[in-house]
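Trainee: I'd like to learn how to read a protein model. Can we go through one together?

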Amino acid sequence: MGGVVQMHFTTVDYVIFALLLVASTGIGLFHAFSGGRQRTTQEFLMADRSMSCLPVSLSLLATFQSAVAILGAPSEVYTFGTQYWFLGCSYFLGLLIPAHVFIPVFYRLRLSSAYEYLELRFNKTVRICGTVTFIFQMVIYMGVVLYAPALALNAVTGIDLWGAVLAMGLVCTLYTALGGLKAVIWTDVFQTVVMFAGQLAVIIVGANQAGGIAEVWRKATNGSRIAGLDLNPDPLERHTFWTLGVGGVFLMLALYGVNQAQVQRYLSSRSEKEAIMSCYIVFPCQQIVLCLGCMMGLVMFARYGEDSPLDKGFVKSNDQMVLYFVMDVFKDLPGLAGLFVACLFSGALSTISSAFNSLATVTMEDLIKPHFPNMTEAKATLLSKGLALVYGLVCLAMAYVASIMGSVLQAAFSIFGMVGGPLLGLFCLGLFFPWANSTGALVGLVAGLAMAFWIGIGSFLLRMSEANAMGALNTTNLPLFDNMTTAVMTPLVSATTAKPRPTGVEALYSLSYMWYSAHNSAVVVVVGLLVSLLTGPMKEKDLMPGTVFPVMGTLLFFLPERYREKLCCVTPLPNPHKAKETQTLPYQRAKKDGNKAAQCKEDTVTEDKETESDRAQTEQEDLEIRMALPSCQLTTHMVQETAL
């Protein structure tokens, strides 16, 4: 193995690992053969919009916490110190904005796919472009996220590489294709518990062996691993308070605001209030996960100090170093190494199962249903299950491709990150700027993607050439990936190496990867607005109600109303209590599509399937609104309803 030291699993470790797979499959089969038995697309893809906030929030967390992040965070803190901990500051706005901006808009439009919004706001071409971009992003990523941890595990423990990949891929495909979104969410809940247990076990045992938490902190302080507040505003610095606390907000928005895997979970909630609550619940959970990752890194430093297994040649990369540390800590404790590997693969399972389900949803809702509006519910459900199965097999194929890509594996991770920013920019353009038109949206998206790939690939080539020049290719590692957030593969260069400040285009290539999402989304918005103004901005009467968040109207409150009307800054979001508004939207959508008859027929069938209790609840809510309003406001309320 070229100097790599291998440690081996015991039978107990394998049993614990197998139990994870069996339990995950069992949850999937339970939901496949219970309840509605996944007979409708609403149940299979949207969990019947019946989920409460707790499982949804834990599922949001599990999707965010991939296997690569579990390996990456301790490695980062071990190498560079606790500066990364300041990423937690970005979670405040990174979750408040989705909770109070994105969720209200998406939920009140009763969407199934986030990209459906792009058609309501712009047109079908923009929707298809957004969908295809997302599919490209996820297909490349999901194979790598399955293969990378299996490769590290194989190098350190000798566990069969393709045995692990196939076991995980097939189990995940099975429960996703049979149990639908409900199975994915509940397996995420189980896998989140396993992830917490695995990381806690490492920290408790490792800290105990190092002499206690106080001793760990003392050694980390003496080793200059406890970082203070770095307020350096330089965007080329890899990690400062500004790159993590501000740049991180845009990473969070790309993930929690507009990514289909997360939006689908919001939309599966039984109410808008539950969806918003799930964002609030996931916030402290994320802080705990961040603390666990950082504490693992500090315990590693307390154990090895500056004399790391990587420097000794026991392992070849930083992600392997974390696994080596775990196997070292648990070498006399059979079963606990298996628990951590179960934790690691829980991260991988939760990520790829979310990818399968979200890909099946966007393919069905955005690419197939619009062309076959009269497809029966039974056929649509069967096709959705088939799509989840196909994407599962594609994931295994991509894992094989990742295995033969070698160092290009890094570029595959980068591609995932490059796409997140422009998609965020596209949604922000539609949500916050009422005068943006479809031409501006398309040109902006293309410009954003071009800029993202230019900087991303340029940065990758620059760092590879630097690594070659330094003879440091063997230090290339998997850096931090908070699952679906933007990141760039960066070989870790010794912190003591002084480099001259880059200038010109090299400065652009040297931009901190934490700013990528902000930079690329800003390009989409700026180019989109300029093109929209040149080609004729949208007028308020052309906008579909509920597709624009009235932030501009709030910011420009000081302007006279006639000017705000010209800037399309007057229309508020629909009131969530008015069910009639959400019922009219499918008809508006049908009119916009130009195939009103077919779409309205489908919507009528859907409405006929409403239960009597739902209708009674709607009538009761309307009655409560009427009773609560004074007579003068009641007249206005009735006029507004009539207008709708």
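Trainee: Let me start with one side chain: is Trp242 buried, partly exposed or exposed?

Mentor: First, a word on the source: this is a predicted model, where local features need pLDDT of at least 70, side-chain atom pairs count only at pLDDT 80 or more, and totals for chains, interfaces and linings use all residues. Residues are numbered from 1 along each chain as its sequence is written, and side-chain values use heavy atoms, with hydrogens and water left out. Now the idea: buried means under 20% relative accessible area, exposed over 50%, and partly exposed in between (1.4 Å probe, protein chains only). Trp242 has a relative accessible area of 33%, so it is partly exposed.

Trainee: And what share of the 644 residues in the chain is buried?

Mentor: Buried residues come to 59%. Gln260 is one of the buried ones, at 0% relative accessibility.

Trainee: Which helix holds Gln260?

Mentor: Helices are DSSP runs of H or I, at least four residues, and strands are runs of E, at least two, numbered from the N terminus. The chain has 27 helices and 0 strands, and Gln260 sits in helix 12 (residues 260–267).

Trainee: What does Gln260 contact, leaving aside neighbours within four places in sequence?

Mentor: Contact means heavy atoms within 4.5 Å. By that rule, the partners of Gln260 include Ser112, Tyr115, Phe134 and Thr361.

Trainee: How do I read a nonpolar core?

Mentor: Think of a set of buried Ala, Val, Leu, Ile, Met, Phe, Trp, Tyr and Cys residues joined through side-chain atoms within 4.5 Å. Here the largest one has 172 residues, and Phe106 and Met142 are among those with the most contacts inside it. Helix 8 (residues 161–210) gives this core its largest share, 20 residues. A second, separate core has 5 residues, including Trp515.

Trainee: What about aromatic pairs?

Mentor: A pair of aromatic rings is described by the distance of the centres and the angle of the planes. Rings of Phe, Tyr and Trp (its six-membered ring) pair if their centres lie within 6.5 Å; planes under 30 degrees apart are stacked, over 60 edge-to-face, and the rest tilted. The whole structure has 19 such pairs.

Trainee: Why is the pair of Phe106 and Phe427 edge-to-face?

Mentor: Because their planes stand at 80°, with the ring centres 5.9 Å apart. Phe106 is in helix 5 (residues 90–108) and Phe427 in helix 18 (residues 409–432), so the pair ties together parts 321 residues apart in sequence.
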